[in-house]
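Please read this briefing alongside the sequence and the structure shown below.

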Amino acid sequence: MANNDNQVFKPIVDVLSDVLYKDKSRRLRSSLNLNQLLPESPGSYYWYAGSLTTPMCAEGVSWFVLQRQQTIGQNQLNSFLKVYLVEKEDRSSDCLLAPNNRPIQNLNYRAIYASP
């Protein structure tokens, strides 16, 4: 992760404190160029048939993962880590949006393809 903030993500991070809870929304204070959220050469990707990442972890999901990634700064990441999955009155540390990653899974003979 980069030590420097990614200025492209700034419009999103600037309003995160207004949308910390489920069903909250906020208009961005400044414009956001969605194309700039993608890394250079976004046409380079990996593809594989996988599963959902949340229970029941059902199969039949096509995953497309960019070969190059965007980075954000630690302070920007910390802003995202304060977001809850629930409404304010139901909040607890167990309801924070992250950490929400599932452990790495075995390939189970899945083929991983790279874009041409």
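Grid points are joined across faces, edges and corners, and a volume is the space filled by probe spheres set on the points. The model is predicted, so local features need pLDDT of at least 70 and side-chain atom pairs count only at pLDDT 80 or more, while totals for chains, interfaces and linings use all residues. Residues are numbered from 1 along each chain as its sequence is written, and side-chain values use heavy atoms, with hydrogens and water left out.

**Largest pocket**

- The largest pocket holds about 360 Å³ of space, and its lining is made up of 15 residues, of which Tyr48, Arg102, Ile104, Gln105 and Arg110 are the closest to its centre.
- Strands and helices here are DSSP runs numbered from the N terminus (E, at least two residues, for strands; H or I, at least four, for helices).
- At least two lining residues come from each of β1 (45–51) and β2 (59–66), and β1 supplies the largest share, namely three residues.

**Nonpolar core and its surroundings**

- A nonpolar core is a set of buried Ala, Val, Leu, Ile, Met, Phe, Trp, Tyr and Cys residues joined through side-chain atoms within 4.5 Å, and buried means under 20% relative accessible area, with exposed over 50% and partly exposed in between (1.4 Å probe, protein chains only).
- The largest such core has eleven residues, including Phe9, Val13, Leu20, Val83, Tyr84 and Cys95.
- Not counting residues up to four places away in sequence, Tyr84 is in contact (heavy atoms within 4.5 Å) with Leu20, Tyr21, Lys22, Arg91, Ser92, Cys95, Leu96 and Leu97.
- Leu96 lies in the loop between α2 (74–80) and β3 (113–114), and it counts as partly exposed because its relative accessibility is 24%.
- Although Leu96 and Leu20 are 76 residues apart in sequence, their C-alpha atoms are 9.4 Å apart in space.
- Gln76, in helix α2, has a relative accessible area of 3% and is therefore buried; beyond its neighbours within four places in sequence, Gln76 contacts Asp5, Asn6, Phe9, Lys10 and Val13.

**Cysteines**

- A disulfide is a pair of cysteine sulfur atoms within 2.5 Å, and by this rule the count is zero.
- The closest cysteine sulfur to that of Cys57 is in Cys95, 19 Å away, which is too far for a bond.
- Cys95 is buried because its relative accessibility is 17%, whereas Cys57, with a relative accessible area of 27%, is partly exposed.

**Backbone angles**

- Cys57, which is found in the loop between β1 and β2, has a positive phi of about 55° although it is not a glycine.
- Asn108, another residue other than glycine with a positive phi, has a value near 50°; its place is in the loop between α2 and β3, and Asn108 is exposed because its relative accessible area is 54%.

Note on methods. 1 Å grid on protein atoms, 1.4 Å probe; cavity = no way out; pocket = protein on both sides within 12 Å on 5 of 7 lines; lining within 4 Å.
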